[in-house]
Amino acid sequence: MDPVASKRGKQTVRDMFLSTLVIAACAGVIYLFIPKDEHADPIKAVDFTVELATVRTAAPYPVAAPEGLPEKWKATSVRYDDVAGKAWHLGFLDPDRRYVAVEQSTAAAGTYVPEVSQKAKDTGRTETVAGKEWQVWEGEKYDALVLPGKGHTTVVTGSAPRESLVEMAEALKTTPPAAPAS
């Protein structure tokens, strides 16, 4: 066997090993010198103002959204489904990082409320919040405050304590639906 040929196989394995070491060293150096913020919040806040303005012109009911909540509240999700019950959703984390959502829909309250409140049930009690009578619903995962309206239902629900649900309900402001185009 040719002595040069026998060295080629060993050189190839050795070269691959050295290349891997060089790449790992480069990756380590890059990792060390890229700035990182270990204290940064991994949950990104969303701005819902554009969606809110759009939905307020499209929805057939007065769309609710909070105004004047303390800065520690963080909006985390927003969506509007113009097909399935004209459903409006705003998700938040309260100052203790517990979930609170504002849900509105034209869907039948009997099926819609248990769906968005993770199977909470009507307790038969009511609570006056910002001058309105809200139904109190309780469940294993979420509790809810439910405000029936004309042709729609508003739900404030989540894993947050009742005080946070009440605070959100107090902050909700609505505008009437836009007049139909003639």
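**Second largest pocket.** I found 16 residues lining the second largest pocket, and Lys132, Trp134, Leu147, Leu172 and Thr174 lie nearest its centre. By pocket I mean an open set of points on a 1 Å grid over the protein atoms alone, where a 1.4 Å probe fits and protein lies on both sides within 12 Å along at least five of seven lines; lining residues have an atom within 4 Å of a point. The elements that give two or more residues to this lining are β6, β7, α4 (162–171) and β9 (172–175). The largest share, three residues, comes from β9. I took helices (H or I, at least four residues) and strands (E, at least two) as DSSP runs, numbered from the N terminus.

I noted about 220 Å³ of space in the second largest pocket. A volume here is the space filled by probe spheres set on the points, with grid points joined across faces, edges and corners. By class, the lining has eight nonpolar, five polar and three charged residues. For the classes, Ala, Val, Leu, Ile, Met, Phe, Trp, Tyr, Cys and Pro count as nonpolar, Asp, Glu, Lys and Arg as charged, and the others, Gly among them, as polar.

**Ground rules.** This is a predicted model, in which local features need pLDDT of at least 70 and side-chain atom pairs count only at pLDDT 80 or more, while totals for chains, interfaces and linings use all residues. Residues are numbered from 1 along each chain as its sequence is written, and side-chain values use heavy atoms, with hydrogens and water left out.

**Largest pocket.** Next I looked up the largest pocket, which holds about 290 Å³ of space. It has 17 lining residues, and the closest to its centre are Ala87, Glu103, Tyr112, Glu115 and Val116. Two or more lining residues come from each of β2, β3, β4 (99–105) and α3 (109–116). I counted the lining by class as eight nonpolar, five polar and four charged residues.

**Strand pairs.** I then followed the strands, where two strands pair if DSSP finds at least two bridges between them. β6 (residues 132–138) and β7 (residues 143–148) run antiparallel and are joined by three bridges. Valine 136 stands opposite leucine 145 in β7, and a hairpin of four residues links β6 to β7. β7 also pairs with β8 (residues 153–158), antiparallel, over six bridges. In the hairpin of β7 and β8, glycine 151 takes a positive phi near 80 degrees.

β2 (residues 74–81) and β3 (residues 87–93) are antiparallel too, with seven bridges. Valine 78 has leucine 90 in β3 as its bridge partner. Five residues lie between β2 and β3 in their hairpin, and glycine 85 in the turn has a positive phi of about 70 degrees.

**Threonine 157.** Is threonine 157 buried or exposed? Threonine 157 counts as buried because its relative accessibility is 1%; buried means under 20% relative accessible area, exposed over 50%, partly exposed in between (1.4 Å probe, protein chains only). Threonine 157 lies in β8 and is the bridge partner of alanine 144. Its side chain reaches the backbone oxygen of aspartate 143 at 2.8 Å.

**Arginine 97.** My last stop was arginine 97, in the loop between β3 and β4. At 44% relative accessibility, arginine 97 counts as partly exposed. Arginine 97 and lysine 74 are 23 residues apart in sequence, and their C-alpha atoms are 8.5 Å apart in space.

Notes: A polar contact is a pair of N or O atoms within 3.5 Å; within protein, one must be able to donate a hydrogen and the other to accept it, and residues adjacent in sequence count only if both atoms are side-chain atoms.
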